[in-house]
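Take a walk through this structure, from the overall layout down to single side-chain pairs.

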Protein chains: 2
Amino acid sequence: MSIRAEMLQVAREAKAASLILATLSSAVKNQLLERMADALEKNTEPLIAANELDLAAARKRDIAPAMLDRLMLDEGRIGGMAAGLREVALLSDPVGEVTGMWRRPNGIQVGRMRIPLGVIGIIYESRPNVTADAAALCLKSGNAVILRGGSEAFHSNSAIGEILRRELRALGLPEGALQVITTTDRNAVTELLKLEEEIDLIIPRGGESLIRFVSEHSRIPVIKHYKGVCHTFVDASADFEMAERICINAKVQRPGVCNAMETLLIHKDIAETFVPRIAEIMRGQGVELRGCPITREFAENVKEATEEDWGTEYLDLILAVKVVDDLSEAIAHIQRYASLHTEVIVTSDYGNAQRFIREINSSVVMVNASSRFSDGNQLGLGAEIGISTSKLHSFGPMGLEDLTTRKFVVFGDGQIRS
Amino acid sequence: MSIRAEMLQVAREAKAASLILATLSSAVKNQLLERMADALEKNTEPLIAANELDLAAARKRDIAPAMLDRLMLDEGRIGGMAAGLREVALLSDPVGEVTGMWRRPNGIQVGRMRIPLGVIGIIYESRPNVTADAAALCLKSGNAVILRGGSEAFHSNSAIGEILRRELRALGLPEGALQVITTTDRNAVTELLKLEEEIDLIIPRGGESLIRFVSEHSRIPVIKHYKGVCHTFVDASADFEMAERICINAKVQRPGVCNAMETLLIHKDIAETFVPRIAEIMRGQGVELRGCPITREFAENVKEATEEDWGTEYLDLILAVKVVDDLSEAIAHIQRYASLHTEVIVTSDYGNAQRFIREINSSVVMVNASSRFSDGNQLGLGAEIGISTSKLHSFGPMGLEDLTTRKFVVFGDGQIRS
């Protein structure tokens with residue numbers, strides 16, 4: 001069979017399964033996820049054995065230690081996957097929710113009801129736990145899922161997929177609901193991305209080059225997240241201790257993630273006092289500073305920031321610092337350089353807080369809190385399937401609800417249009 | 001300037017303007033729309049003169065009379081455009097609405113606030129009124145809009161655009177907020193469709209070939225609507241008079257539109273009595289019937305339906321008719337052939353109504369009402385920017401709310417992540 005025919009068959013099986021999944025009760029979906037969690041734990045040994053094959057191949061290719069660590073499965077990580085499945089089972093089911101209903105003058109009752117999207121394709125790299133996590137979120141929201149992991153995790157992903165599919169079979173549910181693409185053909189992804197009749201959404205998870213490749217080749221809608229250049233603006237009225245606490249947390253707690261702060265903006269009225277304080281604290285935490293001329297005037301050992309620094313996602317212990325004239329300049333700077341991920345103002349001024357909330361249209365806008373809260377779990381969505389920095393369908397951290405759409409439901413008693 | 005550079009400039013001006021539009025109060029936006037309505041009416045004569053240039057060119061090309069009529073502007077139609085602008089001014093503004101807010105265990109308050117999408121591109125054919133209608137909906141929802149009409153309406157669209165832009169100027173608002181692409185270069189559209197950094201959404205309005213072209217060439221998200229193959233299922237328990245009224249209205253009232261019924265499904269238990277009745281009434285209305293073998297057994301002058309008929313959008317006085325064994329077969333038929341537009345059940349059985357609503361996941365699902373209600377005005381959305389038959393972002397008729405997205409807003413008092 002050609003790779004094109006093979007992918008079409010996968011997608012058609014998923015579409016057929018999606019019709020059945022869409023009608024399942026929450027109780028059945030939860031039972032399925034619980035059984036899947038148990039099955040992963042019962043199969044720890046074969047999973048570790050399959051993972052060992054991937055690790056051995058990776059070692060032969062002299063892969064970086066950090067990548068090897070991401071790839072590795074042990075009892076703890078398998079337990080973590082199982083716990084993730086059980087957490088998703090506990091989340092409330094968005095399917096069937098009616099988000100509004102009204103009556104028209106002619107008496108028809110019109111409402112909007114949440115339904116699954118249908119078939120979701122996830123294209124991801126490295127971490128094998130995505131196989132279980134993404135499958136759980138898609139299935140709980142009534143969607144069929146097609147998973148295509150990286151070749152470096154081939155054996156691990158296949159083994160996880162087979163264990164999970166056994167539980168679909170055991171409950172008499174169609175296996176097309178969860179498919180792991182195991183072909184090594186590199187054209188599998190490009191062929192999948194053409195199947196707009198069968199697949200409703202593609203979510204790429206991985207580096208920027210993967211995401212760009214997927215979004216350029218896909219005829220199917222893609223929810224994408226390129227990068228997070230998160231800003232924190234410390235206003236003239238900020239409580240200094242609060243500002244320091246928030247800035248340190250946002251920069252240092254986990255610098256390698258997309259919701260870490262990359263640029264710090266400081267109001268000029270407090271520059272003389274706040275810049276040296278924050279510079280000293282940041283240096284104490286091992287953070288390299290790159291600043292504008294005023295920053296460099298008030299603090300030592302600050303490199304000169306270039307134009308490129310303002311748009312860079314360092315993902316490292318590096319921070320760009322700029323002193324701005326006022327809130328307007330801070331907003332203009334953010335509008336120019338932000339990646340639409342997360343922006344924070346630290347202020348005690350009511351009007352400035354309101355204006356920042358109103359005028360900054362990044363996907364998450366915060367007053368007096370660390371940008372590190374910008375994720376699905378922290379914001380209260382339950383588990384997270386990804387973060388969208390494009391505005392269509394979803395904007396910001398995405399939970400179960402973002403894997404659904406809404407149909408109109410109309411209840412009449414014989415009305416016709418005149 | 002190359003066409004690429006020209007389109008990039010248009011898009012960048014739109015993006016800059018969108019930042020200002022996003023912060024406008026509803027009062028200012030409504031004032032703008034009211035002024036635009038007045039300006040169209042005051043400029044009836046120059047508009048008709050510009051339109052006459054398009055009509056003359058069309059007549060030279062021997063265009064079909066129906067197309068000529070769609071292109072034509074007269075005092076009545078210009079008044080209609082002005083009335084449309086005033087109607088949009090009266091609609092409530094979705095921007096700033098907070099659709100939910102909750103408190104997390106650590107005390108941060110998290111909400112979701114509606115914001116404009118940013119820049120919307122509308123690519124359309126023929127009717128010049130789309131220029132004013134689409135502009136009004138985009139501006140009211142705080143978006144900048146780039147309009148690209150068909151070459152056949154070049155002079156009309158340019159004149160409408162110039163009149164509307166004058167009112168932006170008069171209020172001190174950026175003209176980049178409303179731009180009509182007037183170049184005749186055929187590459188303008190393909191260049192626009194590449195500008196994913198500047199444009200947030202493309203809505204094509206026109207025939208299937210235009211929509212396919214746009215969706216295949218766009219790197220920007222596209223909301224598309226290919227066709228409407230709408231079904232009505234008359235259940236065994238249906239009130240015959242209600243069923244007839246609904247079927248006639250759905251087929252005959254305006255057969256050339258996407259929410260007209262194209263396929264009628266009839267429960268086999270009532271086939272012997274209902275098929276001849278509805279066949280006679282349909283014939284009396286000039287409707288050609290194409291039926292399955294059982295339909296042809298119970299009614300005269302019914303052509304044999306082919307496989308192709310079940311998937312066809314006739315947009316004409318033609319109806320495909322099929323007798324089905326039960327609700328399950330009706331649902332399976334709809335799931336196989338529907339275009340996800342609108343499906344109707346006529347029934348007096350509570351359980352069947354509920355099951356139809358639950359299991360049919362087209363964008364509009366109705367009980368005991370005509371499919372002709374499937375439009376934004378009739379369903380209560382106010383004006384309609386289009387109908388989406390793909391599930392991402394919007395599904396079904398789209399109103400002002402569908403031209404917005406939601407950002408997360410977070411109010412803290414110094415929280416950091418532990």
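Into which domains is chain A divided? Domain 1 covers 3-91 + 116-226, and domain 2 covers 230-376; the bounds come from an automatic or database domain assignment. Their C-alpha centres lie 37 Å apart.

This is a predicted model, in which local features need pLDDT of at least 70 and side-chain atom pairs count only at pLDDT 80 or more, while totals for chains, interfaces and linings use all residues. Residues are numbered from 1 along each chain as its sequence is written, chains are lettered from A and ligands numbered from 1 in the order written, and side-chain values use heavy atoms, without hydrogens and water.

Now the pair of chains. Chain A superposes on chain B by a rotation of 180° with 0.0 Å of shift along the axis, at RMSD 0.0 Å (least squares on C-alpha atoms of residues with pLDDT of at least 70 in both). That is the relation of a two-fold axis. In chain A, the C-alpha of A:His393 is nearest the axis, 1.8 Å from it.

Next, charge pairs. Over all chains there are 58 salt bridges (a side-chain nitrogen of Lys or Arg within 4 Å of a carboxyl oxygen of Asp or Glu). A:Glu359 pairs with A:Arg355, with closest N and O atoms 3.1 Å apart. The two sit four residues apart in helix α14 (residues 350-359) of chain A, so about one helical turn separates them (helices are DSSP runs of H or I, at least four residues; strands are runs of E, at least two; both are numbered from the N terminus).

B:Arg114 and B:Glu401 also form a salt bridge, 3.1 Å from N to O. This one links distant parts of the chain, 287 residues apart. B:Arg114 lies in strand β2 (residues 109-116) of chain B.
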